Amino acid sequence: MSSEEDAGAPQGGHRQWGPRTRSRGMEEQTQKRIGIHLRALYDSVVEQPIPDRFKDLIARLDDSESAPPASTES
């Protein structure tokens with residue numbers, strides 16, 4: 001292996017598969033593809049309804065905040 005070929009290989013002489021950029025570690029196209037898939041996944045999660053148990057918990061927390069504090073005097 002020439003010094004030019006070795007310059008892109010990580011320590012130990014093993015090459016990583018696929019084209020890579022030195023500054024980011026992944027091609028811009030790969031990053032964009034991952035970003036698109038992550039946004040689609042996030043959007044599908046956001047669109048799901050809030051479970052009733054969470055709604056009940058929030059309602060109880062709201063009620064406890066609006067209730068006057070319990071007196072500690074005896």
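Q: How many helices and how many strands are there in the protein?
A: This is a predicted model, in which local features need pLDDT of at least 70, side-chain atom pairs count only at pLDDT 80 or more, and totals for chains, interfaces and linings use all residues. Residues are numbered from 1 along each chain as its sequence is written, and side-chain values use heavy atoms, with hydrogens and water left out. Helices (H or I, at least four residues) and strands (E, at least two) are DSSP runs, numbered from the N terminus. The sequence follows the pattern α-α-α, and the count is three helices and zero strands.

Q: In which helix is confidence lowest, and in which is it highest?
A: Confidence is expressed as pLDDT, the predictor's value for each residue, from 0 to 100. The protein averages 77, and 59% of the residues score at least 70. Over residues 1-7 the pLDDT is below 50, and this stretch has five contacts (heavy atoms within 4.5 Å) beyond near neighbours in sequence. The lowest mean, 47, belongs to helix α1 (residues 3-7), and the highest, 95, to α2.

Q: Which side chains meet in a salt bridge?
A: A salt bridge is a side-chain nitrogen of Lys or Arg within 4 Å of a carboxyl oxygen of Asp or Glu. The structure holds one such bridge. With an N to O distance of 3.4 Å, the pair is Lys 32 and Glu 28.

Q: Is Lys 32 buried or exposed?
A: Buried means under 20% relative accessible area, exposed over 50%, and partly exposed in between (1.4 Å probe, protein chains only). Glu 28, at 46%, is partly exposed. Because Lys 32 has a relative accessibility of 51%, Lys 32 counts as exposed.

Q: Which residues make the nonpolar surface patch of about 440 Å²?
A: A patch is made of residues with over 30% relative accessible area and no salt bridge; like charges are joined within 9 Å, and nonpolar side chains (Val, Leu, Ile, Met, Phe, Trp, Tyr) within 5 Å. Leu 41, one of the members, is found in helix α2 (residues 28-46) and is exposed at 52%. The patch consists of Met 26, Ile 34, Leu 38, Leu 41 and Val 45.

Q: What percentage of the 74 residues counts as buried?
A: The term buried keeps the limit of under 20% relative accessible area. Among the 74 residues, the buried share is 4%.

Note on methods: Areas by Shrake-Rupley, 256 points an atom, 1.4 Å probe, with all protein chains shown as cover.
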